Amino acid sequence: MLLPSEVKRAVRKCARNRCEYCQSQEPFSPTTFSIEHIIPRCEGSGDETENLALSCQVCNNRKFTATNARDPLTGDIVSLFNPRQNHWNDHFAWNEDFTILLGMTPSGRATIEKLHLNRISLINLRHVLYRTGIHPMKEDLYTRDTLTFTSRSEDEDR
Ligand SMILES: [Zn+2]
C-alpha cells in the first residue's frame with residue numbers, strides 16, 4: 001500500500017502523532033507508527049482519509065483485519081472503536097494515574113481486550129510519561145471532539 005505523502009501527513013496531524021487506539025505518542029515509541037485501514041481493504045474499503053488512522057505497530061498487528069470483537073463483560077460481539085466515527089472520550093477513560101485505559105462502552109471494552117491496550121510496556125511507559133508531564137496530552141483533558149481532518153487552507157491559517 002502506498003499512500004500519498006500528503007495523506008500520511010494529514011492522518012498524522014489529525015492523530016496528533018499518537019496511536020489512535022492505545023494513545024502512545026510516536027516521538028516516545030521505539031517503532032515507527034503506520035497508517036492503518038479502519039475497515040480493511042479486503043472488506044471493500046478504500047484509502048479515503050475517513051478510513052485511515054494512525055496506529056502503533058502492536059495495535060496494528062493486534063487489530064489486523066478485525067472490525068468486531070467480543071465485549072469481555074457481556075460476551076457480545078460488538079464493533080471495535082472507530083477513530084474517525086466515534087468520540088474517544090465516550091468509549092474510554094483513564095484510571096486516576098493515567099496508566100490504565102478503562103472501557104466505558106461495549107466497544108471500548110472490546111477494543112481494549114482485542115488490541116491489548118493495557119500491555120505492561122504501555123502501562124510502564126504511561127507511568128513514566130505521566131510523571132514527567134508528557135502524558136496525557138493537555139488538550140485531552142478538555143476536549144470531547146472527534147478527531148477530524150482539517151482542510152489545507154485551515155491548516156495554513158494557524
Ligand atoms: Zn497503539
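View 1. Of the 158 residues in the chain, 28% are buried, a residue being called buried if 20 or more other C-beta atoms, placed from the backbone, lie within 10 Å of its own, exposed if 12 or fewer do, and partly exposed in between. The model is a predicted one, in which local features need pLDDT of at least 70 and side-chain atom pairs count only at pLDDT 80 or more, while totals for chains, interfaces and linings use all residues. Residues are numbered from 1 along each chain as its sequence is written. The chain holds six helices and six strands, taken as DSSP runs numbered from the N terminus (H or I of at least four residues for helices, E of at least two for strands), and along the sequence they follow the pattern α-β-β-α-β-β-α-β-β-α-α-α. Among contacts with a separation of 6 or more, 60% join residues 24 or more positions apart, where a contact requires C-beta atoms, placed from the backbone, within 7 Å.

**View 2. The largest nonpolar core.** This core has 21 residues, and those with the most contacts inside it are Val11, Cys19, Cys22 and Cys59; such a core is a set of buried Ala, Val, Leu, Ile, Met, Phe, Trp, Tyr and Cys residues joined through C-beta atoms within 7 Å. Two or more residues come from each of helix H1 (5-15), strand S2 (52-55), helix H2 (57-63), helix H4 (106-115) and helix H5 (120-131), with H1 giving the most, four residues. Leaving aside residues up to four places away in sequence, Cys59 touches Cys19, Tyr21, Cys22 and Leu115.

View 3. Ala10, Val11, Cys14 and Ala15 are buried in H1. Seen down the helix axis, the buried residues of H1 fall within an arc of 125°, so they line one face of the helix, the arc being that of the directions from the axis to the C-beta atoms. On the other side of H1, Ser5, Glu6 and Arg9 are exposed. The cover over the buried residues of H1 includes S1 and S2. Arg16, which follows H1, has a positive phi, near 55°.

**View 4. Strands S1 and S2.** Strand S1 (residues 34-37) pairs with S2 in the antiparallel sense over four bridges, pairing being assigned if DSSP finds at least two bridges between two strands. His37 has Leu52 of S2 as its bridge partner. Within S2, Leu52 and Leu54 point one way and Ala53 and Ser55 the other way, and all are buried.

Terms used:
Contact = placed C-beta atoms within 7 Å.
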